[in-house]
Amino acid sequence: MAVFSHLRRALLRSPPIIPASRRFRTVAAPYHTVQTKNYSTALSKPEDQKTENRKGKWLTLPPFNMTVNGASLGKDIAGRRQLTSEEDASTTTALKWVTRCCPQLPRSLVQKLFRLRQVRRETSEDSNSDQDVQTPGSRIKRVSAKDSMKPGDTIYLPITVQSLPTEKPECHCSEEEINFLHDLELYKDSAIIVINKPPGMPVQGGIGIKRSLDELAGTYLRHDFSEPPRLVHRLDRDSSGILVLGRTQLSATVLHSVFREKTFVASNMHLKSEKRILQRKYWALVLGTPRRPQGLISVPLGKVVMDDGRSERITVVENVTTMQSQHAITEYRVLESSTHGLTWLELSPLTGRKHQLRVHCAEVLGTPIVGDYKYGWQAHKKWKQIFSSNHEEKIKVCNKNLLPFGLDLESGSISDKQPNLHLHCKKMVLPNVSSALKRAHVSCSDHDFGDIKSLKFGAPLPPHMQTSWDILCK
């Protein structure tokens, strides 16, 4: 709150902007270097800035240029017609451009700047607005967050944002922890990083979470990039497997669009006619056995708030007219069955809904995932667990030495009294986004990405699931 109070007092004292052609001095932003394939803008702080008289000064962002639109490119890769060049450019708003040029500024602070009407834009178009400051061939006026940017537009921010604290507290890790993070990497190119997320490590921060994978990757998995890698999708804290991060804002936007298009196509039931450019296959150990060895689950899911709003759970919605819901589709097939009443399943989510696989297994198939006490508590109470003295002794020895970040990956198999969640993203197929971006940067014309090659990834089972596999299948 102190930061915002300081910002508001400073902004209210901001002077009227003076056209650049007269008394305007361009001041480079002091924070970040924005580098992509199609443009490079260095933002550096002058050494004599502290002694300069800031009166009448504004912070000038780089002129907007016709960059590749990630959302449209993602749709094009997914096989849906791309927007025209004019429509494509209009999808970049003033808010998006400011956050792209100044990623170090909190998004909430940037939004506040727009709400306080302290952001200006210079464009070469004519205007009759009373708020305009007319200059030959150009105009400077207030701009809203949702206004579309056009080539050549220049955004101005109050120079007072440079004095605000913007650096986040550094996330310090030991050399052992850093090496552990690097060992999680399965693949890396100019667009993405693919890691094998261990169970028990949260993907995002929250209440009671000191260090998340999102934060750690932003600090220690940048490598030679100025931008931090960004999450493209999520995995539950107790699940494991393949997790994809975009290495730049553009590549992350493209992949976000690809994931959304996959859900859109599946939700509209184009399951047979559409090429599946994105595929995910999970392995899960469940209690019981499905009635059919393979099949397609297609039911709506909705959120139910419990404990006076303190918790929530996802459930199958019987009547979509009385409860808000989202359609969720999953393909499944049996991998292995055992005489102990447990079954290994391969699950392929065609949509990306929260807790989709866990709810489909528990409520639709009637076979909750081992270790899923949220959706399968009653089934676990009735389950006669398997105990192996040899495995118990092995687990006790392994538990003495925890891995970095306090992770215990050895315990939690079916030989343990309280098994951990047995859900792992084992395989994934993605379009080669790096190749698509290179092709899009070469030419601004429409592209046919039908021949873009796919990238295939595989992640080994975590130790506790591998132990359960060895017990049941060997």
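Predicted model: local features only at pLDDT ≥ 70, side-chain atom pairs only at ≥ 80, totals over all residues.

Student: To which group of residues does Leu-430 belong?

Tutor: Leu-430 is a member of the largest nonpolar core, which has 62 residues. Together with Ile-192, Val-244 and Leu-347, Leu-430 touches the most other members. Helix α8 (residues 249-267) gives the most to this core, namely five residues. Another core, of 20 residues, lies apart from it and includes Leu-61, Leu-95, Leu-109 and Phe-114. In soluble globular proteins, nonpolar side chains tend to be buried together.

Student: How much of the chain is buried?

Tutor: Of the 474 residues in the chain, 50% are buried. The chain has 13 helices and 19 strands.

Student: Why is helix α6 called roughly perpendicular to helix α7?

Tutor: Helix α6 (residues 175-183) and helix α7 (residues 213-220) pack at an angle of about 100°, and their axes are 11 Å apart. Angles of 65 to 115 degrees count as roughly perpendicular; therefore α6 is described as roughly perpendicular to α7. On the side of α6 the contact is made by Ile-178, Leu-181 and His-182, and on the side of α7 by Leu-213, Leu-216 and Tyr-220.

Student: What kinds of residue make up this contact of α6 with α7?

Tutor: Five are nonpolar, one is polar and none is charged.

Student: Why is Arg-333 called partly exposed?

Tutor: Its relative accessible area is 36%. Buried means under 20% and exposed means over 50%, so Arg-333, with its 36%, falls in between and is partly exposed. Arg-333 lies in strand β16 (residues 326-337).

Student: Which residues does Arg-333 touch, not counting those up to four places away in sequence?

Tutor: Arg-333 touches Pro-293, Gln-294, Trp-344, Leu-345 and Glu-346. The C-alpha atoms of Arg-333 and Leu-345 are separated by 5.8 Å, although the two are twelve residues apart along the chain.

Student: What makes the pairing of Arg-333 with Glu-346 a polar contact?

Tutor: The two side chains are paired at 2.8 Å. A polar contact needs N or O atoms within 3.5 Å, one able to donate a hydrogen and the other to accept it. The side chains of Arg-333 and Glu-346 are accordingly listed as making a polar contact.

Student: How do you know that Ser-411 is buried?

Tutor: The cut-off for buried is under 20% relative accessible area. Ser-411 has 10% relative accessibility, so Ser-411 counts as buried. Ser-411 is found in the loop between α11 (389-399) and β18 (423-431), and its side chain makes a polar contact with the side chain of Asp-408 at 2.6 Å.

Student: Where is Arg-117, and what is its phi?

Tutor: Arg-117 is in the loop between α5 (107-115) and β5 (120-123). Its phi is positive, about 60°, although Arg-117 is not a glycine. With a relative accessible area of 46%, Arg-117 is partly exposed.

Notes: Residues numbered from 1 in each chain as written. Heavy atoms only, no water. Axes fitted to C-alpha atoms, helices over the stretch in contact; angles between N-to-C directions. Helix = DSSP H or I, 4+ residues; strand = E, 2+ residues; numbered from the N terminus. Parallel < 35°, antiparallel > 145°, perpendicular 65-115°, else oblique. Contact = heavy atoms within 4.5 Å. Nonpolar A, V, L, I, M, F, W, Y, C, P; charged D, E, K, R; others polar. Core = buried A, V, L, I, M, F, W, Y, C linked by side-chain atoms within 4.5 Å. Buried < 20%, exposed > 50% of the residue type's maximum accessible area, 1.4 Å probe, protein only.
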